[in-house]
Structures are given as C-alpha cells and as structure tokens.
Amino acid sequence: AVMFCLMDVSVCMDEQKKMVAKRFFMLLYLFLTRTYQHIEVVFIRHHTQAVEVEEEDFFTSRESGGTVVSSALDLMHEVIRQRYDSGAWNIYGAQASDGDNWENDSPHCRELLEQNIIPLVQYFAYIEISSAEPQNLWREYEKVKTVHPGRFAMQRIDGLPDIYPVFRELFQKKLV
C-alpha cells in the first residue's frame with residue numbers, strides 16, 4: 001500500500017495550523033508504520049507549487065507562499081501514474097489545509113479529485129484546520145463526498161484536542 005500525505009504550507013496556514021497538520025500526519029505516519037509491514041508514504045507539501053519531499057522536510061521545513069491546492073493534487077496524480085499502478089497498489093490519500101484557496105482553483109480541485117484521484121484510490125481523507133466558517137475548498141469537497149461517500153471523507157479540526165478523535169473517525173474502519 002501507499003499513503004499520500006498532502007499538506008498545505010501556505011502563508012494563511014499560520015504556525016498553529018501547521019503544527020496541528022503536522023501532528024495529524026505524525027499520528028497517521030506512526031499508525032501506518034507500526035501497523036503495516038509493507039507501506040510506502042509519499043509526502044507532498046504545497047503553497048502555490050507542490051513538491052514531493054522526504055519525511056524530515058515534510059515535518060520540519062518552514063517555507064510558505066500563496067495557496068494553489070490543485071498543485072498538490074496534480075503532483076499526487078503524476079506520482080501515482082509514474083510509480084504506483086492502481087491495479088497493483090492499494091492507494092490512499094490524506095490532505096490537510098485550512099481550506100483557504102484561490103476561488104477559481106477550488107472547483108478545479110473538485111474536478112481533479114473526481115476525475116483523476118478518486119478512481120485510483122481506495123480512500124481519500126480531507127481535514128480542514130479552522131475554527132472559522134468552512135472555506136471554498138470545503139464547499140467544493142462536499143460535492144465530492146456526496147458522489148463518493150465510501151471513498152472520500154472529510155472532517156474539521158479546530159485545535160490539538162480534536163486531532164485524535166478526527167483521526168479515529170476518518171481511519172478506524174478504512175485502514176484497520
């Protein structure tokens with residue numbers, strides 16, 4: 001199996017939100033590496049551009065910029081096509097963001113998920129880290145959840161105390 005971890009590191013993801021995202025992914029990474037013998041994890045960080053990084057850079061790098069979420073989904077799709085034949089691999093994805101995205105990019109993200117990502121994965125989870133009203137990305141992703149309820153899930157995290165309950169909700173039946 002392979003798990004794709006996509007993390008928004010844009011400027012609107014302040015240090016508190018980035019810390020929450022990193023802790024969520026750290027919990028996911030520990031769960032996967034302790035539960036499964038043969039698991040690969042692909043780490044993707046993005047702001048206006050996405051880049052595949054090593055584990056250490058994923059959790060420690062401090063770059064930031066604007067937000068174009070589709071860059072991460074495009075890179076995930078490219079990596080799947082190049083290295084992970086969906087007929088031979090169980091493919092999973094998890095994405096963390098505050099949901100703030102260029103308005104015209106969010107519909108594109110929905111299209112990328114519905115047309116390119118969801119058909120190739122067993123499961124994709126989205127977490128939005130925010131205590132404010134849901135952002136435009138959330139509203140577009142709700143449409144994906146309606147069409148693919150068994151393969152796409154989404155939850156909101158307000159702060160550190162929410163990480164474990166949300167993690168359990170998203171992954172208890174899907175990966176165990």
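## Worked exercises on helix packing

Not counting residues up to four places away in sequence, Trp-138 touches Tyr-126, Glu-128, Met-154, Gln-155 and Arg-156, where contact means heavy atoms within 4.5 Å. The model is predicted, so to speak: local features need pLDDT of at least 70, side-chain atom pairs count only at pLDDT 80 or more, and totals for chains, interfaces and linings use all residues. Residues are numbered from 1 along each chain as its sequence is written, and side-chain values use heavy atoms, with hydrogens and water left out.

**Exercise 1. Describe how H3 packs on H4.**

Step 1: Two packed helices are described by the angle between their axes and the distance between the axes.

Step 2: read them off. The axes of H3 (residues 70-83) and H4 (residues 105-117) cross at roughly 15° and come within 9 Å. Axes here are lines fitted to C-alpha atoms, for helices over the stretch in contact, and angles run from 0 to 180 degrees between N-to-C directions.

Step 3: name the arrangement. That angle makes H3 roughly parallel to H4, given that angles under 35 degrees count as roughly parallel, over 145 as roughly antiparallel, 65 to 115 as roughly perpendicular and the rest as oblique. The H3 and H4 crossing is left-handed, that is, the near helix is turned anticlockwise from the far one by less than a right angle (clockwise would be right-handed).

Step 4: zoom in on one residue. Ser-70 lies in H3 and, at 6% relative accessibility, counts as buried. Leaving aside neighbours within four places in sequence, Ser-70 is in contact with Asp-105, His-108, Cys-109 and Leu-112.

**Exercise 2. Which residues of H4 are buried, and how are they arranged around the axis?**

Step 1: list them. Asp-105, Ser-106, Cys-109, Arg-110, Leu-112, Leu-113 and Ile-117 are the buried residues of H4.

Step 2: look down the axis. The buried residues of H4 fall within an arc of 160°, so they line one face of the helix; the arc is that of the directions from the helix axis to the C-beta atoms.

Step 3: find the partners. These buried residues pack against H3, strand E5 (123-129), H5 (136-147) and strand E6 (152-157).

**Exercise 3. Work out how H1 and H6 cross and what lies between them.**

Step 1: geometry again. The H1 and H6 axes come within 10 Å and cross at roughly 50°, and H1 and H6 are therefore oblique to each other. Their crossing is right-handed.

Step 2: list the contacts. In H1, Val-20, Arg-23, Phe-24, Leu-27, Leu-28 and Phe-31 meet Ile-163, Tyr-164, Phe-167, Leu-170 and Phe-171 in H6.

Step 3: sort by class. The H1 contact with H6 has 10 nonpolar, no polar and 1 charged residues. Ala, Val, Leu, Ile, Met, Phe, Trp, Tyr, Cys and Pro count as nonpolar, Asp, Glu, Lys and Arg as charged, and the others, Gly among them, as polar.

Methods: Helix = DSSP H or I, 4+ residues; strand = E, 2+ residues; numbered from the N terminus. Buried < 20%, exposed > 50% of the residue type's maximum accessible area, 1.4 Å probe, protein only.
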